[in-house]
Structure formats: structure tokens, C-alpha cells
Amino acid sequence: MGAEQFQKHILTVITFLPLAGAALIALIPRRATTAIKAVAFAVSAATFAISVPLFFWFRTGTPGMQFTVDVPWITLLGQQAIRYSVGIDGISLFMVLLTTFLTMIAIAGSFAGIKDREREYYALMLMLETGMLGVFIALDLVLFYVFWEAMLIPMYFIIGVWGGPRRIYAAVKFFIYTMAGSLLMLVAIIAMAVMKYQATGVLTFSVQELYGLEMARGTQTLLFLAYALAFAIKVPMFPFHTWLPDAHVEAPTAGSVILAGVLLKMGTYGFLRFCIPFFPEASLAFAPVMIALGIIGIIYGALVALVQPDMKKLVAYSSVSHLGVSVLGIFVFTLQGAQGSLVQMISHGFSTGALFLLVGMIYERRHTRLIEDYGGIWAVMPKYGAIFIIITMASIGLPFLSGFVGEWLVLVGSWLANPWYAVLAATGAILSACYMLWMLQRVLQGPITRDENRALKDLNFREMVVLVPLVAGTIWLGVYPKPFLDRMEPSVDNVIRMVQTAGVSSPAAYQADAAAGEEAR
Amino acid sequence: MIGDFLWLIPAFPLAGVLVNGLLGHRLPRMLSGTVACLAVLGSAVVSVMGLLHLLQTPAGQAREIHQTLFPWISTGSFQTSVSLMLDPLSAVMACVVTGVGFLIHVYSTGYMAHDPRYHRYFTYLNLFTFAMLLLVLADNFLLMFVGWEGVGLCSYLLIGFWFQKPSAAAAGKKAFLVNRVGDFGFLLGMLFIFAVFGSLDYRVVFDKVAAEPGAITATLTAICLLLFVGATGKSAQIPLYVWLPDAMEGPTPVSALIHAATMVTAGVYMVARCSILFVNAPAALLVIAIIGAATALFAATIGLVQNDIKRVLAYSTVSQLGYMFMACGVGAFAAAIFHLMTHAFFKALLFLGAGSVIHGIHEEQDIRRMGGLMKWMPITGFTFWIGTLAIAGIPPLSGFFSKDEIIWYSLAGPMGHWAFWAVGVVTAVLTAFYMARLTFKTFHGQPRMPEEIRSKIHESPLSMTTVLTALAVGAVFAGLVNIPEAIGHRLHLPENSIAAFTHFLEPSIVEKKEAALLIANAAGNAPVGFVRPAPHVDHALELPLMGLTFVLALLSIALGASWYVRRPGTATALAARAPALYSLLLNKYYVDEIYSAIIVRPGMAFSRFLWRGVDVLIIDGLVNAVAWFFGIASRLFRVVQSGYVRGYAAGMLAGALIVIWVLSR
Amino acid sequence: MAWNAPVPFASWVMLSGVLFSIGAVGFLIRKDPIIMFMCIELMLNAGNLLFIAAARYLGIMAGQVFVFFVMAVAAAEVAVGLAIIVAIFRTKSTIDVDEMSGMRG
Amino acid sequence: MTLLPFIALSVVAIAFALLLVLNRNAVHGALCLVVNFAAVAVFFLMLGAEFIAVVQVAVYAGAIMVLFLFVLMLLNIQGQEGGLEQKPRSQILIAAVLGILLLAEIGVLAPLAAGLGGAQAAAVPADFGSPRLVGLTLFRDHLLAFEIAAFILLAAMMGAVVLAKRRLA
């Protein structure tokens, strides 16, 4: 394949390379576990290596899709309705990079954790990666839905087979909860295609063409709610979040890392890519509801995290809180808000991914996740303590670390929409400090109360290699977020402008901001 | 030329952090300590060079040096970059931070000599210096906030340095959380500023406010109050001061550097930096003055009865900070900064003195089990006395000049009022008394230590005592920088040496006369009773009032001597007569207990309810109920499969009937 | 009523209906599967009768052809039914319908 | 094809149908059914369907009833069948109700259907029910149905053989 040919089909290569890797692993005999691990890591590392040039080849300043490939796939009613059309823009670029990066880290992180049936485990992880990448690059609604559902299956098995004691309950709950939500979305997808067909005689599922679809106010609300439910469950937003703590507690370490790092972002990505551009008026009408749910999610998630006895549950509820910020950022419809929510997604991927790895590492040593079983382990594990503190600080939004950039932009965005949103959301910063530091105090600090803790070994080289990139990621995103922000801005601005033009009475702040944004660039 | 060296000031400590942080445990102790000290020395040298450069620039030119390093967050209309600024105010602060900081670093090499995590301590100390310098040199609010939270983090790490001690870990967490509550207010203030002015750079914001003063007083008041919430959190004012006394769990040099000289003064620096904002919001100024005065008095009363040497000094710091805020409140920002500088010297001296006392008598902090230490530790004792006299406001030491200037302007300042003056004087008396009590109980009277310790008491090593003497020198002569006009004219000193410090700070702080005009203009319509320009107080009063406070201070020191040296029993007797009042003060008005009863415990209970009740019971219950419902429904349908053949036949026939009936309609 | 008047179509419907309902009721009442099969045959026959009557009254041959198919199906059904009964009888030596409820849900 | 023979024959048919249902002895029942089939065959004749009448007698009365009797004799299951009384009360009650309902429904619908068929029999060609015409219609219009019927019969045969074969193992 010539260089520019490779560049043209890079997205397809990235997405399906892991699948090929999974097939390759299936051929390796079951006993050769080291070979399996090596191949798994090699494939995920290769995928990440190929995805890195995306970051540099990406033309900043253009809102449109790049690296697009558009090939007919299924013909319906004589028209090529369903097409294999893929492409990424400012929004999905970082999701793809985050996925490949975290999967590589997760696979490396699970070498010690997974003891039985490694072959199936690593094959499933790679299949999961393909599923996730597919969701982020799909530009055809059916292709998107296929990957959206396909991605559930490997995750279900990873939680169901290698999970903790209540893994079956958790896996089934996770699967059915997400599936139920997305079925409504399927109905909405079909409805939209039919409406387009009736209106223009063109049967297509392509996202681009369906953007400007005219529809009655009532239908738009219904379709919006269908999409919103599917994504709200995925985010998870306040009332639909109860599957997350169970899924996280029961999932193996790497499963949790991927679940928190990438799967949750599909919800917010979905809002930005589908919900808002397809139904601008309905989004504006429902914005207060979604903002309220987001803010409740922030405060509720933080408060409940405060009293969790189990570390993983605590981190799970903290994810509910962090993603509440992200949702708030999206639905205030300001440029800063949306960009903040995107940065928050990436930073949450780094910090929560690292947190789960950290919890997993001491779980592998002590086989317990209860906070009171630990105490004073900083004295015994200095390197672990140091990384734990840096990641905690990133998670609660300390400036010059990734958490702050996301939170700050969302707060700016929400203040422009309505100052009270920002006031309520900012309380999240205090609450997150409360539960994180209290957990840190009970785990790392204080005297060593149990003698098993005295014998804990500090992080070995492999564990350091797994954690250091994540720490580096949080620091880079915190200190110099400009390359990220520049690449996101045009596409996000495009989405926000859709709502503003559709929005009849968007507050004056938007105009001022948009105008200022214009001459500032 | 100096312009492009500004980045060196924060860069040196950062380098120190990287060296000690990554390689520390491999380096020998000596090297790790010296690297840390050199880092701070480097930035001290550069900041002094910057200060001198500013001094030399003629009055006409703008005394400001800018350096933009790299763009930080830029989206749409929100553009901020990491850029530094050196103007008189930040130069003074930088010199204080690096100067006192360097001395404390040297002191720490001695104090922490045999601590197992030696290199980690110096990493945190350097990180703190880096964050503080960032805070001070930032040229926009967001970068200042980076430093603001950075010092909060370092104070958390350093308070909880001996994390094996549960009380230290808890104190660290408490400090961070209370600071975070303050930062919450500061955050909202910044958001408000951006929303109103469209940018967070000082230059842009201050010019817009200066352009049309008094235009948006209401919004400015809200902004200033929010910023002040941040200041109360960071500089331990009511109601967010509770963390400072507990912060004494950390090593003493930490208390000296962070909880006396530098970090706690960040709030005062911020208020002084935004003086143009505060001056245009007289209501906010009034609030600051009231809270400052209240804190000063409140903390001083608690300080009277504390028995832990460091807690007395902690409450004294809270009280002195109250003074500074009162000064800002009445519009005398330069006086506040001057007191901040002098306070940094003598409070650091007192803390380090206390540190060498604790070091000398092997970790004993309760002054009731000390006494007569002058014999064993003459240098520490002597320098401690200098600190005590300075803080009590005895001329010619620095405390006298800075504190009396504040007391004078609390009456004669733009927002001055005799009530502030009264509080100022009373607090000065209390300060003199509790410092005298502390010094006499520690260094004079019969030694109350157990016998076996007495033989082992020793004077601190050279590295610590030299620092003490250096700070003592600073404490004595720092005052001469800003001699007030009244004394200056009386002694016919050359014109430029009078109030030199205030004139130097002119460009970056709103001058008193100008402040008075702005306040009058802004307060024109404000209904608040207090808010009106102070009646003209003629300067003749200044000297007699100064004399009054000096005499009162002397009296209280004499009272202290009589109570604690000549007749040691009197204090306990007096306390016995009013046990309720004594225990109230001893338990610091039960503020901590009230907070935990009002905020912490209900908060936890509510979260537990949220988790158990709402999350597990209602939402999860609902989800499981749906699953249970389908279970029941399917069990119901099972009955239909009864296996009774003729039952099926009857069913079929009935169905047929219905179908026929429907079709024939 | 003139005895030699032509027979109206309605009476054919009535007749086949009566025969059909006798068959249905018989099927429900009796427990012996053989008798039940006979009742089914009776019902099918009633159907055929109506088919032929309609074919005659409407003049369309399709009715008769359809009866032809009904007979084919009836024959098949009886064959299989009786085979089942023989099989059951061999295993359980009684063919009372009510006992045969093994296929319960 | 006048009213008198119609009524006479229908009385015979209905009587023997009732006899079948109420008869305790399966063999007598089978015989009653044969008579019923004969009556119906005569009806077919009255309605001009000679070929079908012959087929009816040959297939129904001949083959199917013989099969029944053959199975009855083979299995020799005489006398298990109690009278009507041992049957569970409820089952009879339901059967009676449904029967009456069915009759009522037919009573109501019959006159409606009259409109469909027209009072008078339609004019039909002479050889209306003859085998030629039936064969013609069968193989011209309904060939596919015929093939399918063939398959059904084949399947039934195989099924019956498999089911009833005595297991040797």
C-alpha cells in the first residue's frame, strides 16, 4: 500500500487490526500464555503506534471530517442506503487516540491480574477495542449501531467470566441496561431514515445527510428522547447509573479501566455527535433538564462516593460525578463548555484509568478492595504512594493537571449560560476533594494497622511502565492543552453553532462569546 | 534583559523539585539539602536583582516587567497564557518568599537532619516555593489560582509529612479541604470577572475598572466578596481559620515558612493586588475590615490560654493576619503589605525559635513543662526575645512601625472608624501579653522539666542559630524601611527615606488619598451606614496615639513578668476563679466541635442516606423490581401449559367462536 | 311449506353447522382418543358438506377441488393420529386422554 | 333436490352423529360414523358432486373407518370408556356451553350466508360434478396444491410407519 493509500485507509486499518490480532491469538495454543500476552500487547501497541500519526496528520482548523472512507455496504430498495463510511473530526480524533492508548495500557496492566483462560481474555479485549474504535469512527448510523451493540458482547464476557463474586448479576445488569436503552435508539434511527426517504426519496443512513432533516416538533422531541436515553444510560447520568458501581466492582482491573476510560465516553460522544446536531430545537428545549441531571449527577455522585467502603465503588461513583461535569459542559451550548466537556472526557480517561489500575495493583497483592483493610501503606510502598497522590490531585482538579482544564472550561461555559449552574457545579470540586482525600488518608496515611500491609511490595518495573504514561498524560494535558484544544475547536464550534442558529432565544452571552471567539482566532 | 530572566525565579525551585523528587533517595543527605537551598537562593538572587532594577527605573517610567512563557488554555474568547509579571508589589513578595524561604531551607537542613524521608521533605519545600512564586508573579488570575491551589497542595503534603501520625494526616486533610472551600469562592470570583470583563489578565481587568470607576459597584462588590472568601480560606480568617492551629502538626520550619511567612499572606497579597477592585466596592472593603478586626481580637483571646508553644504562635499569626486584613479594609493597602513583610521576619523568627526549643528539649511542646531555658539556650532565648518585642510593637523594632501604622490608619484611613482603632489597640495589648506569657513561661522562672531531660538539653546547632540571628537582624531593621511621616518630620530625616516602602509600592497599589476619592465616589449612593469617608483626623494626633499603644504594650509585658516570673501561681488562680471562661478559651470556643456538628456529621449522614436510601433502595430497587416483575409474569404464564389436552381443545373452540363472531361483524 | 320447494342455501349452512357442533361437543366430552378422532372426522366432513353446497350454489368447481384436499389432509391426520395412539398404548397400556399430560410446561 | 329428501337425510345424519358421540362402545360409534358418511355422500349427490360423493364413500367410509376399526380390533380396548357420568362435571359443562354458543352463532349467521349463496342454485353445466371437470380444475388451477397434498400424504405415511414400528432394540 503506497503511503498516501495507507493514509487514506488508516482508520480502517486501526479499527480492524485488533480484530486480526484477536484471530491470531485464537490460533496460539492455550498453554503458551507468555506468547499470548506478547502478541496481545504487540497488537495493541501497533494499533496505538498507527493511531499516533493521526494526531499529527490531523489538519487543525477544519471542522469537517478527515481521513474519510465511503464504500457502499448494503443496498436497500435499490439504493445504497447503508454505507461503510468512516471518518474523524476534532471530537472523535481524541476518542480514538484515548481508546488505543488505554487498551494498550489495560492489556499491559492485566498481565498479573488474569490467571486463567488468558487466550480468550486477550482475544476479547482486542475485539472490544475494535468495537470501540468502530463506534467513534462510524459515520453511518447503522454501522454505528452495529459497533455500538457489538462492543457490548466482549465487555459482557470480560465482566461475566473474569469478574468478582457477583459478576453474573453485574454483567447481565450491564448488558440488559445498555441494550434496552439502545433499542429505542435503533427505532429512532430507522424512523429518521424512513422520514428522509419519504421526504426526499433518498434512503440513506449517513450522518452527514441526516443532519439537516426537517421534522415536526413533536417527532423531534420523541426522537431526541430516544437517543438521549440510550446515551444517558451509557454516560451514566443520574437516574440510570446504578449499573456502573456493580459493573466496576465485579469487573477485572483492565475491564474497569476500559469501562471507565472509554465506554462511558461513548455516551457523551453520542450526545455531541448525534443528539445535538440531529435535534437542535429539542436539545435546547431539554437543555435545562439535562443540565439539572448533570448537576445532580455531580453532587449526588460525589456525596455517595464519600461513604463507600469499597475503593472501586468509590471510584465508580466519582466517575458519575466527573461525567456529570461533562454532560453539563455539553448542554450549556457554549464553545468553552463543549470543549471543556471533551477535555474532561480525556482527563477522566487518564485519571480514572490510573486510579483503577492502582486499586487493581493493591487488590492483586491483598485481594481485598475494602478501605479499612489498608492503612499507612505509603510507608511500605513509596512509589505507589507518590503516583497515587499525583493521580488523586489530577482527579480532583488541581491546576496544571488535566482535571482542572476540563472542569474550568465547563465552569466558564456554564457561567456564561447561567451563573447558578457554575456555582452548583463548582461545589463538585470541594466534594471530590473530600472523598478522594479521606480515602487517601485511610489507605496511604496513618500507622500500619494490619501486619499483612507491612509485607506489601512496592510497584515493580512493569507496573511503573503501565502507570507512568498515564501520569505523563495528565501532566501534559494539564500544563499544555493547546494542541488538544486547537484540534477540537472547529468541530465543536460547528456543533454549537448548529444549536445557536436553531436556538431562537439563545442568551446574549452566546453572541458575545461567538463574536469574541471569531475575532480572537 | 531582566525581562527575559523572570522565568528563572520559579524555574530554580522547580529544578530543585525535579532533582530531589526523582533522584533524591540516591543522593547523600548533604547534597540533597544543598541542592534545595541553592535552588531557592538562585531565585532569591534573581528576585533581588529584579527589585533593584525596579528601584532604579525613574519614577516616570512604568515599573513593570512582563514575560509570556507559553499559551495555556485558549478557546474562543477565553485566552490565557502562562506569563509572569514583576512589579513593585510582586517584587517585594518574591523577595520575602525567597529570602525568608532560603533562611528556612538552611534551618531545615539542621532541624530535619535525622529524618528518614529527608529528600522528600525538601522536594515538597521546593515545590511550595515554586507554587508560591507562581502565585506572586502571575500576571493573570488563572495562573495565580494555579499557585493558589499549588501552595494548598504543598501545605497538605507538608502538614501531613509525618503521615504515620494519624493526627498529622487528619490535619493535612482538614487544611486542604478548608482551603478548598475558600478556593471555591475564589473560583467563582474568577468566573464572575471573566463573565464581566471578558478576560482574566490583571492589566485588562484593572484598566477597565479604572476607566469608569463606580460604574458597576454592585457586581464589583459581589466579585470582591467572592475573592475575599478565597482569601479567608487561604489566610485563615473567620470562619475558615480552623485549619491553621491544626497545621502545627507539621514540622516547625514548615509552620514558619508556610503558616507564618508566606502562604497565609497570599490572601493579603491578592487583596492588595486587586486594590483597584476593592476600592470601587466599599461594601466589600467594609466586610473585610470587620472580619479582619473580629479575627484579630478573637484569635488573640484564644492565644492567651493555649499551652502548646506552636499553637500560641499559630493563633498569633491568625490575629496578625486579621490586622493586615483590617488595614486593607480601611483602605491602607500599603500598610498591610508593610506589616506582612515585617511579620514574615519576626513570626518566622518566633516559629524557628520555638522549633529550636522543641529540638533542644527533645520534642516537648507544652510550655507548662518548660521554664528557665535561657540558661541552656541563650541564643535562642535572646532571638526569641527580639521577636517578642517586635511583635509586641516596641520601638525601634519593625513590629512597632508596621503595627502602629495599621492602628493609626484604622482611624485615619479612607474607611477608618474609631471602633477599628479600639479593636486594634486592644488586640495589640493582648498580643503583647500572650507573647510575654509565652516567653516568660518558656525561658524564665524555675525549670519545670523532668530531671532526666535537663541534662540532655542543648543549644541548637550552628545552622539553626545563624538563621535565628539573621532573622533577628531582619526583625529589628525591617521597620526602618517605612518610617511614618510624623516620626520622620520630627527627626528631620531626608524626604526620600520617609515612608519609602509605601512610595515604592505606589504603581501597583491604590494610594490612600486616591482610594478615599474612589470610595467616596462609589459609596455616593451606597446606603451602608459605615461606608462614608472618615472625618478628617488631623495628623497631630498620630504621635500621642503611637505613644499610648507603646505604653500599653510595655505595661502588659510588665504584667506578664509579674504573673509568670515573680508570682507564678497568679495565672492559675485567676483561671480558677472563672473556670467557664477559661475552658471556653482553652477549647477555642468549641468552634471545631460546632463545625463538625453542623457540617461534617450531617453531611456524612445525608450521604449515607443518599447511598443506602436513594441509590440502593430506590433506583437499584426499581431496576431489580422490573427484573422481578418479569420473573413473576413468566411464572404466571407457565400455568397455561397445563398438559390437559381437552383444556386446549376447549380453548381452541372458544377461540374459533370468537373469530367467527369477529369476522362476521 | 311445499315439500318440493328447492332447498335454500341457508339450510345447508344450518345442517353443516349442526354437524360441526355435534363433532366439537363430542370431541370435548369423550375421553377415548379414538372417539375424539371420529368426532374430528365428523367436523371435517361437515366442512366438506358446506364446501360442496357453496360450490353448487355459486357454480364454482374450486369448492369440490378443495374438498378433495381436505380429504387428503384428513387421511394423513388419521394415519399419524392412530400411529401415536398405538405407540402410547404400547407404552402405557391405557389411552385415557386425561392421564396423558406429560407434555406439561 | 327438493326439501323433503333433504330434511329426511339431515335427520338421519344428525341422529347418527349424536349416536356416535353418545355411544359408549367405540366400535358401534365407528359404524354410526360410517352411516353418517353415507348420508353425507348422498347429500353430495344431491348437490351435483358425483365424483366427490364416490370419493367420499371410498376414502372416508372405506379407508379411514376401516383403519379405525382395524386399530380398535388390534388394540382391543373395549369397555374402558365409562358412561358420561364419570367424566369431570366441569368439562361437560364447558362443552355444553360452547356447543350451545356455536349453535346460536350458526343460527344467527345462516340467514346472512343465504344472501351469499342466493336462494336459487346457480345454473351449472350438465357435467358439473363429473370427474372430467374436477380433474380439469384440479390439474389446471390447483396443481401446486395437489403437489403439496402429495407431500403431506408421503410425510404422514413415513410418520405413521416410524411411530408404530415395534422397537427391535
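In which sense do strands S1 and S2 of chain B pair, and over how many bridges? They pair in the antiparallel sense, over eight bridges.

The model is predicted, with local features needing pLDDT of at least 70 and side-chain atom pairs counting only at pLDDT 80 or more, while totals for chains, interfaces and linings use all residues. Residues are numbered from 1 along each chain as its sequence is written, and chains are lettered from A and ligands numbered from 1 in the order in which they are written.

**View 1. The hairpin of S1(B) and S2(B).** Strand S1 of chain B covers residues 65-75, and strand S2 covers residues 78-86. Helices (H or I, at least four residues) and strands (E, at least two) are DSSP runs, numbered from the N terminus; two strands pair if DSSP finds at least two bridges between them. Two residues lie between the strands, and Gly76(B) in this turn has a positive phi of about 55°. Gln67(B) stands opposite Leu84(B) in S2(B). Seven of the nine residues of S2(B) are buried, so this strand is largely enclosed by the rest of the structure. A residue is buried if 20 or more other C-beta atoms, placed from the backbone, lie within 10 Å of its own.

**View 2. Helix H2 of chain C.** H2(C), residues 33-58, has 26 residues and spans 37 Å from its first C-alpha to its last, close to the 38 Å expected at 1.5 Å a residue (1.5 Å times one less than the number of residues). Of its 26 residues, 22 are buried, so H2(C) is largely enclosed by the rest of the structure. Just after this helix, Gly59(C) takes a positive phi of about 75°.

**View 3. The side of chain C that touches chain D.** Here 66 residues of chain C are in contact with 77 residues of chain D (C-beta atoms, placed from the backbone, within 7 Å). H3(C) gives the largest share of the chain C side, 22 residues. By class, that side has 51 nonpolar, nine polar and six charged residues. Ala, Val, Leu, Ile, Met, Phe, Trp, Tyr, Cys and Pro count as nonpolar, Asp, Glu, Lys and Arg as charged, and the others, Gly among them, as polar.

**View 4. H3(C) against H6(D).** The axes, lines fitted to C-alpha atoms over the stretch in contact, come within 8 Å and cross at roughly 10°. The two helices are therefore roughly parallel (angles under 35 degrees, taken from 0 to 180 degrees between N-to-C directions). Residues that meet include Phe69(C) and Val73(C) in H3(C), and Ile152(D) and Met157(D) in H6(D). The residues of this contact divide into 20 nonpolar, one polar and no charged.

Methods: A residue is buried if 20 or more other C-beta atoms lie within 10 Å of its own, exposed if 12 or fewer, and partly exposed in between; C-beta atoms are placed from the backbone. Two residues are in contact if their C-beta atoms, placed from the backbone, lie within 7 Å. Angles under 35 degrees count as roughly parallel, over 145 as roughly antiparallel, 65 to 115 as roughly perpendicular and the rest as oblique.
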